[in-house]
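This report covers strand pairing, the nonpolar core and aromatic contacts.

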Amino acid sequence: MAWKEIHHLYNEKIDFTVKVYFPTHFEALRKMYCGPYHEFIKSIFSSDVWSDNSGGKSRSTFFRSIDNKYILKAVQSREIKMFQDMGPSYFEYLISSFSRQCPSAIAKTLGIFKIKIKMSARHRTEQYYVVLMENLLLGVNPENVIKYDLKGSRRNRFI
């Protein structure tokens, strides 16, 4: 299954639903790259808006874990659909890289989620798509960083 839905009902006024994409694949990656499960959960549980991040052209909202190990990025649904198409190749590549002990500089995506909040009192539903990634800049001096974006676009990409 490419996704799994988890429901949590806090009370009769709010229904909170999380859809987890590629749950077993991402769980395997997190076991390989993130260490103990309880440490990972503790890290992302205490996340906050990354206010000094511009969000690039898309103006996406970013969050950082309290220990700066992980980044959460709000994305559009089309980005999730794109990952669904290329996901099997992505997992195959990272598992091969890990098992061959051949490090990769690719920022690892460690989870993809659709969060839906339904508020019955307001008759309103909000939904968000979120990507969980490792922070490649953890422990790097910001003065020594050159930031770039690898998307394959050949237009409007200047140094």
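## Strand pairing and core

In this predicted model, strand β2 (residues 14–21) pairs with β6 in the antiparallel sense, over eight bridges. Within this pairing, Thr17 stands opposite Lys116 in β6. Strand β7 (residues 124–134) is also paired with β6 in the antiparallel sense, over ten bridges, and here Ile117 stands opposite Glu126 in β7. Four residues lie between β6 and β7 in their hairpin, and His123 in the turn has a positive phi of about 55°. Strand β6 (residues 109–119) is largely enclosed by the rest of the structure, because eight of its eleven residues are buried.

The largest nonpolar core has 27 residues; among those with the most contacts inside it are Phe26, Phe83, Phe91 and Ile112. The elements giving two or more residues to this core are β2, α1 (23–33), β5 (70–75), α3 (77–99), β6 and β7. Leaving aside neighbours within four places in sequence, Ile112 is in contact with residues including Val20, Phe26, Ile80, Phe83 and Val130.

The count of aromatic pairs comes to ten. Two of them are tabulated.

| Pair | Centre to centre | Angle between planes | Class |
|---|---|---|---|
| Phe26 and Phe83 | 5.8 Å | 25° | stacked |
| Phe83 and Phe91 | 5.9 Å | 85° | edge-to-face |

Phe26 in helix α1 and Phe83 in helix α3 are 57 residues apart, so that this pair links distant parts of the chain. Phe26 counts as buried because its relative accessibility is 1%, under the 20% cut-off; Phe83, at 8%, is buried too. Phe22, Phe26, Phe83, Tyr90 and Phe91 form one aromatic cluster. Elsewhere, Lys108 lies over the face of Tyr33, at 5.1 Å from the ring centre.

Methods: Residues are numbered from 1 along each chain as its sequence is written. This is a predicted model: local features need pLDDT of at least 70, side-chain atom pairs count only at pLDDT 80 or more; totals for chains, interfaces and linings use all residues. Side-chain values use heavy atoms; hydrogens and water are left out. Buried means under 20% relative accessible area, exposed over 50%, partly exposed in between (1.4 Å probe, protein chains only). Two strands pair if DSSP finds at least two bridges between them. A nonpolar core is a set of buried Ala, Val, Leu, Ile, Met, Phe, Trp, Tyr and Cys residues joined through side-chain atoms within 4.5 Å. Contact means heavy atoms within 4.5 Å. Rings of Phe, Tyr and Trp (its six-membered ring) pair if their centres lie within 6.5 Å; planes under 30 degrees apart count as stacked, over 60 as edge-to-face and the rest as tilted. A charge sits over a ring if NZ of Lys or CZ of Arg is within 6 Å of the ring centre and within 35 degrees of the ring normal.
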